[in-house]
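Have a look at the chain below, then try each task before reading its solution.

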Amino acid sequence: MVSGGSFDREAVAQLKEQLLGQLGALRGARPSHVASIDEDTIDLVGMLFEFILEDDTLPAEMQVMLARLQIPYLKAAILDRKLFAHRQHPARRLLDALAEQAKGWSPESDRDGRLHDKVKAIVDQLLHEFDDDLGIFERLLFDLQQFHETNRRRSELAEQRVAESTRGREKLEQARRRAAREIVERIDGRKLPPLVHEVLARAWANHLVLVLLRQGEDSGEFRDALRFVDDFIASTRPAQDATTRQQLRQLLPGIERALRQGLVNVAFQPQDIERLLAQLRDWYGQQLGEPSRGAVPAAEVAAAAVAAIPESIQPLVEPQAEQDELPEESVPVAIDSPEWRQVEALQPGVWLEFQLPDEPMVRAKLSWISPMSGRYLFVNRRGLKVADYAPQELAVLLAGGHAQVLATNALFDRAMSAIVSRLRQPGTPQPGTDTE
């Protein structure tokens, strides 16, 4: 029936004559008495399957496979004309369910071939077993629904894990940015001693992140952690007279106590904590005119303190960029463009096809929209992450033709709408009209 993506119209015409003859014999009527209505039905089925072969919502391999169902559906339409009239007709629901499963199919997401083999098995059963028992559509639909339910549970678990992982990464990134911003705002352009800057940018910034993740920004622990930043920065002001030296001495016990607790929170080893605190005491002693017993120069004290911070404690505040906010992403697609409106209208569950340069075509379902970053998370039919895009990035892909939103309505409904539109066009042959 299908060759190279087009119908063998001569074979269709022969089948049509055979069906009409069989139908007349079954009903005890001459073919001329039954041909008018039934020929229209057969033509409608032909148009339905032509639509399937032209429907971009279906992957090409699945289009060809489903198009093989034209013969069984011709028989079903002749036996029961309610196929076109009732959306709940089992044959119609089966075709819609097959198309919905096929929509998200790709070789990459079906490496074990389970979905491909299931669709093929149903098609083969209809081709080889369906004669006049319309109950076969109900049975095969139930079988496909069970198959879908088993796979749906698996994919939903995978989707949840992907969403939770993405949510966790976003919360961590948001906490990192918040911690860096709080420290940068408090530094306010001052040039801090390297020792103090390193403690704030690395150890304390990471402590702030953990407090934000565990206790939240409204907690007393977070307020205490920010108060330490203020006190630590204040402790670097020159102590040039008795009053300022006294103020510094009053700050130091609280600074040491808070710093000790914070370093424990970011998994400093006890020996590293003691080394760092000892070096800080030496540095403060020099600021107060009370050099340590070793009389270590301030520059060496600072270098030693930095070395005492484990390499695993990464800096969150970069010295060269601590005043800069993250640059706003450019928006190359206008906010009022059709692509922007398309992105804004997307809802979880919608399938898109992505065709990026030099990459294979990918079909992915919108699984989750981040309430924090607004990014769109896409997964394949197995629930595994395919990509995530900012709204701006997605709009650019749509505008450039590298992404398209796949139809969400049922295949049969799409086909009927297309057929009606086609029949309304002037000069279009109507069902029952012979065409060359």
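**Exercise 1.** Which residues do ring pairs link into a cluster?

*Solution.* Before starting, note that this is a predicted model, where local features need pLDDT of at least 70, side-chain atom pairs count only at pLDDT 80 or more, and totals for chains, interfaces and linings use all residues. Residues are numbered from 1 along each chain as its sequence is written, and side-chain values use heavy atoms, leaving out hydrogens and water.

Step 1: Rings of Phe, Tyr and Trp (its six-membered ring) pair if their centres lie within 6.5 Å; planes under 30 degrees apart are stacked, over 60 edge-to-face, and the rest tilted.

Step 2: Searching the whole structure gives 10 aromatic pairs.

Step 3: The cluster joins Phe49, Tyr73, Phe130 and Phe137.

**Exercise 2.** Classify the pair of Phe49 and Tyr73.

*Solution.* Step 1: The ring centres are 5.9 Å apart and the planes stand at 55°, so this pair is tilted.

Step 1: Phe49 belongs to helix H2 (residues 31-54) and Tyr73 to helix H4 (residues 70-79), so the pair ties together parts 24 residues apart in sequence. Helices here are DSSP runs (H or I, at least four residues), numbered from the N terminus.

Step 2: Phe49 has a relative accessible area of 0%, so Phe49 is buried (under 20% relative accessible area, 1.4 Å probe, protein chains only). Tyr73 is buried too, at 0%.

**Exercise 3.** Classify the pair of Trp283 and Tyr284.

*Solution.* Step 1: Their centres lie 5.2 Å apart with planes at 70°, so the pair is edge-to-face.

Step 1: Trp283 and Tyr284 are both buried.

Terms used:
Helix = DSSP H or I, 4+ residues; strand = E, 2+ residues; numbered from the N terminus. Buried < 20%, exposed > 50% of the residue type's maximum accessible area, 1.4 Å probe, protein only.
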